[in-house]
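Student: I would like to go through some labels on this model. Please show it to me.

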Amino acid sequence: MPQQVKAVIARAKGAPVEVTTIVVPDPGPGEAVVRIQACGVCHTDLHYREGGINDEFPFLLGHEAAGIVESVGEGVTEVVPGDFVVLNWRAVCGQCRACRRGRPQYCFDTHNAEQKMTLLDGTELSPALGIGAFAEKTLVAAGQCTKVDPAADPAVAGLLGCGVMAGLGAAINTGNVGRGDSVAVIGCGGVGGAAVLGSRLAGAAKIIAVDIDDRKLETALTLGATHTVNSRTTDPVEAIRELTGGNGADVVVEAVGRPETYKQAFYARDLAGTVVLVGVPTPEMTLELPLLDVFGRGGALKSSWYGDCLPSRDFPMLIDLHLQGRLDLGAFVTETIGLDAVEQAFERMHQGDVLRSVVVL
């Protein structure tokens, strides 16, 4: 039978979110209902509320989540009821040209649940990133459920569902940071902080954290940064070059998503170095670079979408490293809150007071 549960929705552009009752249908073929235990408050959720993604209101917010599979539909073999899972927004299809070439992390036809969750009056909801996890329960495609070790704290495990994975993957998967490399990370919020942590995990010798907020720079030091640069008062390009023998960093991760900071990343890398863009730009932004500089500096300019992760490969591995004490994912949890405090969490995010607020149910 369909279930009525409490959830956080955004009814209109810019309006405060609200807690209301929604209807979650029984899972159909290829679908699963997951009882949510924790869900991080990500900046993407705020983008949805502000109409920055699309205008398909009302939105069921939340996507960075972990929970317990409650029921599954026909044909589901990936998970069974009782499994502890991290939700992901890249349920690979296995059939597209990327999947057939053995590159499922680039799947071009990821999918979501076919059925819609609704308000009590039947109004269909648009789940954030196909998940919608600011809710007691949610309906997803079974492929969006990645089974991990249940010993992990849900408030920590769920962060792999978006921001932390994006940052870790930008360094490890996209940037291919290796032992002894020099790395600069521009923008040290949740994603940039995770890139710092990933660079340390990969064995980087020098990790330079760049931000305009001294609080974020102090946090970056606890995550593994060896040097910090406040770019409000110091030219970050010159500072990064000075810290790398005048050459620039082997890998520069841009976690802001602005043309100005991307140019800083471009000129702060060594010859044949790599720039990784993981910060998300807005549609109107454009970039202008001298083509001769692009040619003459060599190397690679890459974009990192979801940290180029393959959830079935990366989530269990990273949770295992966390449980072994080798990857401090808990450092990203600034506070735990209830469903009724999401709007306040957005405000604290604006003020730069948190790495992650996490809704715990």
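This is a predicted model: local features need pLDDT of at least 70, side-chain atom pairs count only at pLDDT 80 or more; totals for chains, interfaces and linings use all residues.

**Labels and their cut-offs**

Tutor: Arg215 has a relative accessible area of 43%, so Arg215 is called partly exposed.

Student: Why is Asp213 called buried?

Tutor: Buried means under 20% relative accessible area. Asp213 has 16%, so Asp213 counts as buried.

Student: What makes Asp213 and Arg215 a salt bridge?

Tutor: A Lys or Arg side-chain nitrogen must lie within 4 Å of a carboxyl oxygen of Asp or Glu. Here the closest N and O atoms are 2.9 Å apart, so the pair qualifies.

Student: How do you know that Asp83 and Lys147 form a salt bridge?

Tutor: Their N to O distance is 3.4 Å, and the limit is 4 Å, so the label holds. This pair links distant parts of the chain. Asp83 sits in the loop between strands S5 and S6, Lys147 in strand S10, 64 residues apart. Asp83 is buried, at 9%.

Student: What makes Arg49 and Glu343 a salt bridge?

Tutor: The closest N and O atoms are 2.4 Å apart, within the 4 Å limit, so the pair counts. Arg49 lies in helix H1 and Glu343 in helix H11, so parts 294 residues apart in sequence are tied together.

Student: Are these two residues buried or partly exposed?

Tutor: Arg49 is buried, at 9%. Glu343 is partly exposed, at 24%.

Student: Which residues are linked with them in a network?

Tutor: Glu50 joins Arg49 and Glu343 in a network of salt bridges. The structure holds 12 salt bridges.

Terms used
Residues are numbered from 1 along each chain as its sequence is written. Side-chain values use heavy atoms; hydrogens and water are left out. Helices (H or I, at least four residues) and strands (E, at least two) are DSSP runs, numbered from the N terminus. Buried means under 20% relative accessible area, exposed over 50%, partly exposed in between (1.4 Å probe, protein chains only).
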